[in-house]
Amino acid sequence: MKGIVTNIQRFSIHDGPGIRTTVFMKGCNLRCFWCHNPETLETYPELQIFPDRCIGCGECFQRCPNEAHVMQDGQRIFRRELCQGCGTCAETCYAEALVLVGEEMTVEEVVDQVLRDKPFYETSNGGVTLSGGEPLLQFDFAYAILERCQAEGIHTAIETAANFPWARVAAILPVTDLVMMDIKLMDSRRHRECTGVPNERILENARRLGEQDVPLIVRTPIIPGVNDNADDVAAIAQFVATLPNLLYYELLPFHPMAKSKYVSLDLDYRAKDLKSPPGEQMDALTRVAAGFGITARHG
Ligand code: SF4
Ligand code: SF4
């Protein structure tokens with residue numbers, strides 16, 4: 001069985017307890033305008049272009065079977081609509097100005113990489129985390145990886161937006177030791193404006209997840225002008241406080257580090273002018289959340 005992976009990050013400490021290996025899977029069914037992993041949004045391999053690194057060797061013009069790279073009026077042009085993501089140009093670009101993001105991998109290839117750091121998981125109570133993108137979009141692939149890892153005695157976690165019918169969310173739980181899910185806003189209309197989807201199904205799944213035998217971490221990315229205020233955080237925290245199996249609630253500050261990724265993919269970065277919320281603001285919002293009697297922290 002194969003799936004598409006954008007990156008496998010070893011020694012990760014922000015994606016669950018202990019030292020972890022995080023597998024970033026390609027494809028997401030939300031479109032949060034602040035997304036800091038835009039390379040994971042689409043389900044297929046994509047070419048990233050970093051013109052600053054280009055040394056003008058012209059190799060890519062020769063290699064692309066679809067003539068996606070052309071020179072017009074002395075300027076190099078990339079016709080993305082012609083690119084089929086074969087990766088040939090990226091393989092031959094010595095300057096690494098072209099990078100294919102999204103590699104087809106087998107379950108065995110992913111698990112082999114995860115197993116390399118097993119001693120570190122054991123000493124730190126870490127494990128493997130499937131992230132993205134949205135790992136449940138490639139359900140069979142995700143399930144098989146988690147099942148294999150669990151069989152090896154490795155702690156398993158998923159990071160999900162839970163924007164699926166409950167049956168799909170429930171079906172991953174037998175091979176999942178920890179669920180981390182986002183709740184970005186309680187107001188469905190504003191949620192749709194910011195993420196492209198309403199939140200009724202997400203909240204219903206959160207309620208159901210809260211009743212399962214698997215620990216749950218809820219996280220909220222704090223986005224300036226969206227939910228960086230006491231009212232929105234209080235509304236989410238009030239809801240989160242009703243979830244019986246909550247481990248803790250975490251606020252994650254927006255960071256504007258994704259700009260170059262958007263440029264490399266020819267995507268519009270609507271959050272490019274936003275700034276990270278200051279530490280004092282994150283402290284204050286965390287206190288608001290903790291006021292609902294839950295363990296709250298910020299990243
Ligand atoms: S192969 Fe790479 S370095 Fe050479 S022209 Fe193409 S993008 Fe530039
Ligand atoms: S990835 Fe393949 S199709 Fe796309 S530009 Fe490169 S060589 Fe052409």
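**Grounds for the terms**

Guide: Ser188 is buried, since its relative accessible area is 15%, and buried means under 20%, exposed over 50% and partly exposed in between (1.4 Å probe, protein chains only). This is a predicted model, in which local features need pLDDT of at least 70 and side-chain atom pairs count only at pLDDT 80 or more, while totals for chains, interfaces and linings use all residues. Residues are numbered from 1 along each chain as its sequence is written, chains are lettered from A and ligands numbered from 1 in the order in which they are written, and side-chain values use heavy atoms, with hydrogens and water left out.

Visitor: What is Ser188 in contact with, leaving aside its neighbours within four places in sequence?

Guide: Contact means heavy atoms within 4.5 Å. With those neighbours left aside, Ser188 is in contact with Pro198, Asn199 and Glu200. Ser188 is found in helix H7; helices (H or I, at least four residues) and strands (E, at least two) are DSSP runs, numbered from the N terminus.

Visitor: Why are the buried residues of H7 said to line one face of the helix?

Guide: In H7, residues 188-195, the buried residues are Ser188, His191, Cys194 and Thr195. Viewed down the axis of H7, these fall within an arc of 125 degrees, so they line one face. The arc is that of the directions from the helix axis to the C-beta atoms. Helix H8 (200-209) is included in what covers them.

Visitor: Which residues of helix H3 are buried?

Guide: They are Val107, Val110, Val111 and Val114, in a helix of residues 107-115. Their arc, seen down the axis of H3, is 95 degrees, so they too line one face of the helix. An α-helix has 3.6 residues a turn, so residues three or four places apart point the same way. Among the elements that the buried residues of H3 pack against are strand S1 (2-12) and helix H5 (139-151).

Visitor: What makes Pro165 partly exposed?

Guide: Its relative accessible area is 46%, so by the limits already given Pro165 is neither buried nor exposed. Pro165 lies in the loop between strand S9 (155-160) and helix H6 (166-172).

Visitor: How do the residues of the shell around ligand 2 divide?

Guide: They divide into 8 nonpolar, 6 polar and no charged. Ala, Val, Leu, Ile, Met, Phe, Trp, Tyr, Cys and Pro count as nonpolar, Asp, Glu, Lys and Arg as charged, and the others, Gly among them, as polar.
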